[in-house]
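Visitor: I am new to this structure and would like to be guided through it by questions and answers. May we begin?

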Amino acid sequence: MAPTTTRVLRLLSLLQDRSHTGRELAERLGVTERTLRHDIQRLRELGYPVHAARGAVGGYRLGQGATMPPLLLDDDEAVAVALAVGLAEDGSTGIADIDASLTRALAKLQRILPKRLQRKVTALRSATAVGPATVGSREPDAPVPAATLSVLAGAIRDGATLLASRDGEETEVEPYRLISWRRRWFLVAYDLAAHTWRALPVAALADVRSASRRFAARPLPDDDLVAFVLREVARTGWKVHARVTVLAPAETVIARINPAVGVVEAVDSHTSVLVTGADALETIAIYLSMLMMDFRVDGPPELVTHIRTLARRYTEALDGP
């Protein structure tokens, strides 16, 4: 039989997952049901509301109490919570009076994390920057496995090149920074085959692994790597792109849009060109309507069709009874 304290902590961990019958718990802990009842009582005395129900579907479950008792997390859960809290703290939640609470919660986690987990969390946090929040249509999520992010963060920390497959072709890159933006992940890396800087969408990478070769850091493409990623996403990172002439000065357009929405080039003092993109042409059509400026679509022709459809719907909405 395990020591009482260890056994009670194990019991708490089991109850936090789901409800169990008394027999299941006793078998998992290797104790009698009488000992189990004593351990349940110890948890209740410590403030954990353990509820019991009789019958075929009865058993023990952890309920809600009047206060917040200590919480047990396994390794993966602890890393996930620390990363989520850290990203929320870095990215600003926009919720008043919550930042200080996030900082305190993260400090408590960092103090008790085992060193092996601290190393993983620290690598991911130090390798990651958070892009700005944006208003408007949000593109579909592109989830990335936590194991992939750990490999990338470890390679950034160690200054080791990475091997990965993209579109069926293997490439080797020097990784420099992870950027989290709008629930998507991008890797700022130097492509050794193309000899150029890239903002690689991590969700598009497969078979990611660290190579043994170390590299000396190159001068970065921009002092602000978040801004670099946003420009690259606007220029090449979307499924569809469009070129639009805006009848307004470049500085006026730049002040109106988020950097990730597009790249703006001045034509003259009254005209500029916006190169923009999204995962669907319908999204670009909506973005352009939100500019609140006169514009002319240079391409693609399909975007004109979507804008004409929107114009018809707006017009018909005004012509109603």
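This is a predicted model: local features need pLDDT of at least 70, side-chain atom pairs count only at pLDDT 80 or more; totals for chains, interfaces and linings use all residues.

Visitor: Which residue in strand 11 stands opposite His-241?

Guide: Strand 9 and strand 11 run antiparallel. Within strand 11, the residue that stands opposite His-241 is Gly-277.

Visitor: Which residue in strand 12 stands opposite Val-246?

Guide: Strand 9 is also joined to strand 12, residues 295–299, by four bridges, and these two strands run antiparallel. In strand 12, the residue opposite Val-246 is Phe-295.

Visitor: In what order do the four strands of the open sheet lie, and which are the edge strands?

Guide: The four strands form an open sheet with antiparallel pairing, in the order 10-11-9-12. An edge strand here pairs on one side only, and this holds for strand 10 (262–268) and strand 12. From one strand to the next, the twist averages 25°. The order is thus 10-11-9-12, and the edge strands are strand 10 and strand 12.

Visitor: Which residue does a cis peptide bond join to Gly-299?

Guide: The residue in question lies in the loop between strand 12 and helix 11. Omega is about 5° for this cis peptide bond, and the residue joined to Gly-299 is Pro-300.

Visitor: How are helix 10 and helix 11 oriented to each other?

Guide: Two packed helices are described by the angle between their axes and the distance between the axes. Helix 10 (residues 281–290) and helix 11 (residues 301–318) pack at about 60°, and their axes are 9 Å apart. Helix 10 passes helix 11 in a right-handed crossing. At this angle, helix 10 and helix 11 are therefore oblique.

Visitor: In strand 5, which residue is the bridge partner of Val-130?

Guide: Strand 3, residues 128–130, and strand 5 run parallel, with three bridges between them. The bridge partner of Val-130 in strand 5 is Ser-180.

Visitor: Which residue takes a positive phi in the hairpin of strand 5 and strand 6?

Guide: Strand 5 and strand 6 pair in the antiparallel sense over eight bridges. Their hairpin has two residues between the strands, and the residue with a positive phi, near 50°, is Arg-182.

Visitor: Is Arg-184 buried or exposed?

Guide: Arg-184 lies in strand 6, residues 184–191, and is the bridge partner of Trp-181. The C-alpha atoms of Arg-184 and Pro-201 are separated by 7.6 Å, although the two residues are 17 residues apart along the chain. With a relative accessible area of 13%, Arg-184 is buried.

Visitor: How many aromatic pairs does a search of the whole structure find, and which residues do ring pairs link into a cluster?

Guide: The search finds three aromatic pairs. In one of them, the ring centres of Tyr-176 and Trp-197 are 4.9 Å apart and the planes stand at 55°, so the pair is tilted. That pair links distant parts of the chain, with Tyr-176 in strand 5 and Trp-197 in strand 7. The number of pairs is three, and the cluster consists of Tyr-176, Tyr-190, Trp-197 and Phe-215.

Visitor: What kind of pair do the rings of Tyr-190 and Trp-197 make?

Guide: Both Tyr-190 and Trp-197 are buried. Their ring centres are 5.5 Å apart and their planes are at 75°, so the pair is edge-to-face.

Visitor: Which residue has its charged end over the ring of Tyr-190?

Guide: Tyr-190 also belongs to the aromatic cluster. At 3.8 Å from the centre of the Tyr-190 ring sits the charged end of Arg-218.

Notes: Residues are numbered from 1 along each chain as its sequence is written. Side-chain values use heavy atoms; hydrogens and water are left out. Rings of Phe, Tyr and Trp (its six-membered ring) pair if their centres lie within 6.5 Å; planes under 30 degrees apart count as stacked, over 60 as edge-to-face and the rest as tilted. Buried means under 20% relative accessible area, exposed over 50%, partly exposed in between (1.4 Å probe, protein chains only). A charge sits over a ring if NZ of Lys or CZ of Arg is within 6 Å of the ring centre and within 35 degrees of the ring normal. Two strands pair if DSSP finds at least two bridges between them. Axes are lines fitted to C-alpha atoms, for helices over the stretch in contact, and angles run from 0 to 180 degrees between N-to-C directions. Angles under 35 degrees count as roughly parallel, over 145 as roughly antiparallel, 65 to 115 as roughly perpendicular and the rest as oblique. A crossing is left-handed if the near helix is turned anticlockwise from the far one by less than a right angle, and right-handed if clockwise.
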